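Work through the exercises below with the coordinates open. Try each task before reading its solution.

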Amino acid sequence: MVKELEYADPASCEMLKRAAAENIETVWDRYETMQPQCGFGSLGICCRNCSMGPCRIDPFGEGPQAGVCGATADTIAARNLARMIAGGASAHSEHGRMVAHAFLMAVSDPHSAYEIKSPEKLKAVARIYGIETEGRQTNEIAKQLGEAALEDFGRRQGTVRMATTAPQARQDLWDQQGITPRSIDREIVDIMGRTHIGVDADYKNIMKQGLRVALGDGWGGSMIATELQDILFGSPEPIRSTANFGVLREDHVNIVVHGHEPILSDIIADVSQDTKLIEKAQEKGANGINIAGMCCTANEMLMRRGIPVVGSFLQQELAIMTGGVDLMVVDIQCIMPALRKVADRFHTKLVTTSPTAKIAGVTHIEFHEDQAVTIARRIIETAVENYTNREPARVQIPESTERLVAGFTSESVFRFLGGRYRGTYRPLNDAIIAGRLRGAAGVVGCSNPNVEYEEGHIKLVTELLRNDTLVVSTGCDAITCAKHGLMKPEAAFEYAGEGLQEICRAVGIPPVLHLGSCVDNSRILRTLANVVAEGGLGDDISDLPVAGAAPEWMSEKAVAIGSYFVASGVYTIIGHPLPIMGSENLHRYLTEEIEAEIGGKWAFELDPIEAAHKMLRHIDKKRKALKLKPMMYKQAFEPEE
Amino acid sequence: MKLMIVINVDKCLGCKSCEMACAVEHSSSQSLLQAIRESPAPRARVSVRQGTGYSVPLQCRQCENAPCVEICPTNALHRDDLESPVVVDHDLCIGCNWCVLACPFGVIRIDSAQGAVIKCDQCAQRVERGESPACVSACPTGALAFKTMDEILEEKREASLVLIQRGLSGGET
């Protein structure tokens, strides 16, 4: 099958041509052979929750309109969506829990390879949990914080402590709606129980619990992951790096770290500097050891260490096809089982490491935090050994790379904005109030072969920039923006409207700010809370002239993320609709009625320019409600009143 | 060459993807997300039926000597030639239901919203574009296929050769 990419970066296009020429199957081929995909599944009206079924609702109204138990399209679609949210929240929260365990071990075990890199942030986060910090040892505070964070997963009484960092008005609304998360795990278990045969049949009630699960993710599991990682691995500061296949080095042992966690890859990065290992690599004829990242492991390593990025989710097979990857080590999430097949066609050694993420037939070197260095060394040695198996004639590393600046966080970017010594959101709020900035947007999420790769991300982001909207980005959207040059400071002059250009020039930031991995969407929540706290733009996140988007969403995590943004009061637009369209009532609820209850809502729009315009209309609506000044400069998109 | 929609009953899982694809193909939007909101709702021309221990999609067999065409009082049911599918001219159809009664397979039915009968037209527009009928493309297991009579006969002959071979090697014919 010959698939040509029309919009993607040149390196991906080159590798996909190679795939066609050498008859190597990729995600795009498998997507084609899967067509047409099941209409019942796409519409969310297939139920497999009990064995009186499986049941399907006829969307054309002629066949069955209820399952064997009597569940309607509304109930079935809501249950399915709620379970997707639970899946996504579980993925993030398991990540958070693993970090919390590593964190506790790091501060309890004197032989640990990890140490607290950001004592300053430790104190700030400890204060959220009401932990005394004055005059206490770092390790003492950290132990108490690790325990307290783990409490949030299985709390018996009260609510998720981390979520008390949301604006007060928001917390009050959650209480009023009955969706304040009690504990991270409990809400997920609740969903699984509630969607069992014969429990909750009210689609609105099911969705409320879906939002509660999602809040336990965004303001719980994900936020704990981000905060503890910052304390343990260092709080990111703006840092330069490069992205795309050109970061692989022909004369080096190339190790690609892929997945979502920094726990193992951070140690790999450290150990790869070991002179003995470098000497070993030289003995094998390489000039050194090169570590590069893929997906959100890349984002984690980029944010804190400036380690270059190989690519995003859809590039994982293509990276191996360069013939220059000596070892790809994976942790959790978004790792295509198909990697095994493509790795078999090249010399690349694929290594799984997580006890929760194995691939049959693939080498598994299980990672344990307490033996981090030994295991990292073993993995690097395997890569070095494998370098000699490289077939030089088959190495075809595309040259293209792009420069970028990453490392922005809810703390670092605004320390930048407000001056080196005192972080403040005043200049950002003032820029919005004065009409220099129209608003801000979070553009995040996956890549998906069901749309033209990268087109939606880039068109949507650049349309926002043109209209003086500052964009913050995470996950695969961030990698896509980086590859397309939107994260260079000078990108502002090419893409941004006049007002946004002035901000970028004054502060020296790119118009699209890289905030990190997908758990780091919690940084966006934190930023929104800080903007509210700074004052002048309303009392709640739902008052802010902001919007969120995930043009190429694909994972359950994306559904959880979208849900916690909606539940936090954000207008959230995605490309292909959620799989709920078989229920007209649920569709209306999530895209219209829910706004009156919670301040945020979902929207679906495949055309990226139209999606950007819908976001801008929402931003304008909020500006109007806040009675903000008219825009300082003429806007490219001025909707008709 | 006359093409037939043929069914391998062993492969049908009863998923009804063919029904859904057929309804979408015969909608005005031809897109799933819009088709489900159309009024009148688009109707499938194929229906998956349950037998004892098997399921099977049923649609018009495009009979050479079609009773529906014979009986139609207004010539609404017609075909261009013997190789083309039987189609309905909705302007001519008066909804008398004679064809419904005459059809030996029960695959013609009245669509009250249109006041006319509907039946499988073998997706004439898709076939003109060189594609298979929608039900055939949608079938995830290949239980539905679109083939010429010659191909079908050839496959049957090949299969019978295997039977004969087995019989010879087993000493029985």
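**Exercises on a predicted model**

Chain A is divided into domain 1 (10–56), domain 2 (73–233), domain 3 (245–394) and domain 4 (404–625). The model is predicted.

**Exercise 1. Domain 2 against domain 3**

Task: Find how many residues of domain 2 of chain A are in contact with domain 3 of chain A, and which element gives the most.

Solution: 
- Step 1. Start with the centres. The C-alpha centres of domain 2 and domain 3 of chain A lie 30 Å apart.
- Step 2. Count the contacts. Ten residues of domain 2 of chain A touch 13 residues of domain 3 of chain A.
- Step 3. Assign the domain 2 side to elements. Those giving two or more residues are α4 (73–108) and α9 of chain A. The most come from α4(A), with six residues.
- Step 4. Sort that side by class. It has seven nonpolar, two polar and one charged residues.

**Exercise 2. One residue**

Task: Decide whether A:Asn521 is buried or exposed, and find what it touches.

Solution: 
- Step 1. Locate A:Asn521. It lies in helix α22 (residues 521–534) of chain A.
- Step 2. Count neighbours. A:Asn521 has 32 C-beta neighbours inside 10 Å, so it counts as buried. The cut-off is 20 or more.
- Step 3. Leave out residues up to four places away in sequence. A:Asn521 then touches A:Gly218, A:Ser222, A:Val444, A:Thr474 and A:Ile561.
- Step 4. Check a separation. A:Asn521 and A:Val566 are 45 residues apart in sequence and 13 Å apart in space, C-alpha to C-alpha.

**Exercise 3. Chain A against chain B**

Task: Describe chain B and the side of chain A that touches it.

Solution: 
- Step 1. Tally chain B. It has seven helices and eight strands. Of its 173 residues, 32% count as buried.
- Step 2. Count across the chains. 13 residues of chain A contact 14 residues of chain B.
- Step 3. Find the largest share on the chain A side. Helix α3 (residues 39–43) of chain A gives it, with three residues.
- Step 4. Sort the chain A side. It divides into seven nonpolar, four polar and two charged residues.

Technical notes. Residues are numbered from 1 along each chain as its sequence is written. Chains are lettered from A and ligands numbered from 1 in the order in which they are written. This is a predicted model: local features need pLDDT of at least 70, side-chain atom pairs count only at pLDDT 80 or more; totals for chains, interfaces and linings use all residues. Two residues are in contact if their C-beta atoms, placed from the backbone, lie within 7 Å. Helices (H or I, at least four residues) and strands (E, at least two) are DSSP runs, numbered from the N terminus. Ala, Val, Leu, Ile, Met, Phe, Trp, Tyr, Cys and Pro count as nonpolar, Asp, Glu, Lys and Arg as charged, and the others, Gly among them, as polar. A residue is buried if 20 or more other C-beta atoms lie within 10 Å of its own, exposed if 12 or fewer, and partly exposed in between; C-beta atoms are placed from the backbone. Domain bounds come from an automatic or database domain assignment.
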